[in-house]
Amino acid sequence: MRILFLLAVLFLLAQCNAQKPAQTNTFLIPFTKNLEVNPCLTPSDTIQFYCPVREAEVRWEEKDVFNPASAVKGDTLFLLYRAEDTIGKYNGTSRIGLAYSLDGYHFEKEAEPVLYPDHDEFFKYEWEGGCEDPRLVEDENGTYYMTYTAYDGDKARLFVASSTDLRQWTKHGSVFQKAGDQFVDMWSKAGSVVSRQESGRMVATKINGKYWMYWGESNIYMATSDNLIDWSPLLETDPQKMQLDTMRHYDTAFQIVFSTREGEFDSELVEPGPPAVITEEGILFIYNSKNSPTFGDKNLAPGTYAAGQILMDKNDPTVVLQRMDDWFITPDQPFEITGQVNNVCFVEGLAFFKNKWLLYYGTADSKIAVAESDAKLD
């Protein structure tokens, strides 16, 4: 009897373990790193441009290139990427560069950055930390909208710029400027706009009459917009839910879409990745995370940046349907493990190009790599 009982228990445990991935990861896109081409973009110590603030020629991507956004236009894939020089107060001002490819793996760079600190109305927000970490979508008419971090050396602020050709950009300032001054002067970053994939284009798509954007760092929050420039953060009004925001650093309580998990790979922070994609099952949202040295996943190195996937309700983008139990991409290559910041895979670019999904990510805040998938999203 005891043997039969033990066999029954083992059978039930096996059934539970077999069912768990089907219950939690049915929406997962499996990505494979392309080790033959990685890293696919590296810094250059020869490319120079005249910095209007320093009034001098600078090697604007000499130190590092990382954290790219992507766009597909016809037969060409473009990367907008963060690049750093080696000079100044913070040992590196960030600017946004542009590269292009006909196969998604081998890139040519534009000689000059396309977005950078200048003597304009946003100078005090962007100097001398710079312009960082772009995410990119376009509207129905083909105008591109880039959310990026303006960093003055003290505070990160989520900004937006627009362009019709990916080269000439108009800065619009803080995404929250019309929501109130208190939102402009708070720490904010990482805007991922809900979109649909259409012939390779990531087209921002309204749900219930509004555009939606995930943003935040310690928690994932939400904002809505009518025009992709002016955004209003969703506020929390429930006093009991306000108490759950233990990582909040704001005077205003924002509605938390989802947060960190103790003991998991995403234990210290969660931050939006590339544009969230509307699928038949829901909104597939890829997010970045950091592993806590004290209460994180003991199987990952302390401070590791890995990425997960989560499925949101396509009728209400604030509702979580499913969430991966584990990361799907994590540092395991030498250039991902060692760099400016060790143990980092940070995902910001997602493109459907030549019948496959290409995922672009920063490695150790130093280089750029690509992973790929043949999965189809209906």
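Colleague: Which element gives the largest share of the lining of the largest cavity?

Modeller: Rolling a probe the size of a water molecule over the atoms shows where empty space is left. In this predicted model, strand E8 (130-138) provides the largest share of that lining, with three residues. Strand E9 (144-151) and strand E12 (192-193) also supply at least two residues each.

Colleague: How many cavities of 30 Å³ or more does a search of the whole structure find?

Modeller: The search finds one. The volume of the largest cavity is about 40 Å³. Its lining is made up of Arg135, Leu136, Val137, Tyr145, Thr147, Gly191, Ser192, Val193, Pro274 and Pro275. By class, six of the lining residues are nonpolar, three polar and one charged.

Colleague: Now for the open spaces. What volume does the largest pocket have, and which residues lie closest to its centre?

Modeller: The largest pocket has a volume of about 400 Å³. It is lined by 23 residues, and Arg82, Glu132, Asp133, Lys189 and Asp365 are the closest to its centre. Two or more lining residues come from each of strand E4 (64-73), strand E5 (76-84), E8 and E9.

Colleague: Which residues line the second largest pocket?

Modeller: That pocket, with a volume of about 200 Å³, is lined by Leu98, Glu110, Pro113, Val114, Leu115, Tyr116, Asp118, Asp120, Arg167, Gln168, Trp169 and Lys171. Here the classes are six nonpolar, one polar and five charged.

Colleague: Let's turn to the packed regions. Which residues have the most contacts inside the largest nonpolar core?

Modeller: In soluble globular proteins, nonpolar side chains tend to be buried together. The largest nonpolar core here has 25 residues, and Leu77, Tyr81, Phe107 and Tyr360 have the most contacts inside it. At least two residues of this core come from each of strand E2 (49-51), E4, E5, strand E23 (345-353), strand E24 (356-363) and strand E25 (367-373). E5 gives the most, four residues. Apart from this core lies another, of 21 residues, including Phe78, Leu80, Leu136 and Met146. Leu136 belongs to that other core and also lines the largest cavity.

Technical notes. Residues are numbered from 1 along each chain as its sequence is written. This is a predicted model: local features need pLDDT of at least 70, side-chain atom pairs count only at pLDDT 80 or more; totals for chains, interfaces and linings use all residues. Side-chain values use heavy atoms; hydrogens and water are left out. On a 1 Å grid over the protein atoms alone, a cavity is a set of points where a 1.4 Å probe fits but cannot get out, and a pocket is an open set with protein on both sides within 12 Å along at least five of seven lines; lining residues have an atom within 4 Å of a point. Grid points are joined across faces, edges and corners, and a volume is the space filled by probe spheres set on the points. Ala, Val, Leu, Ile, Met, Phe, Trp, Tyr, Cys and Pro count as nonpolar, Asp, Glu, Lys and Arg as charged, and the others, Gly among them, as polar. A nonpolar core is a set of buried Ala, Val, Leu, Ile, Met, Phe, Trp, Tyr and Cys residues joined through side-chain atoms within 4.5 Å. Buried means under 20% relative accessible area, exposed over 50%, partly exposed in between (1.4 Å probe, protein chains only).
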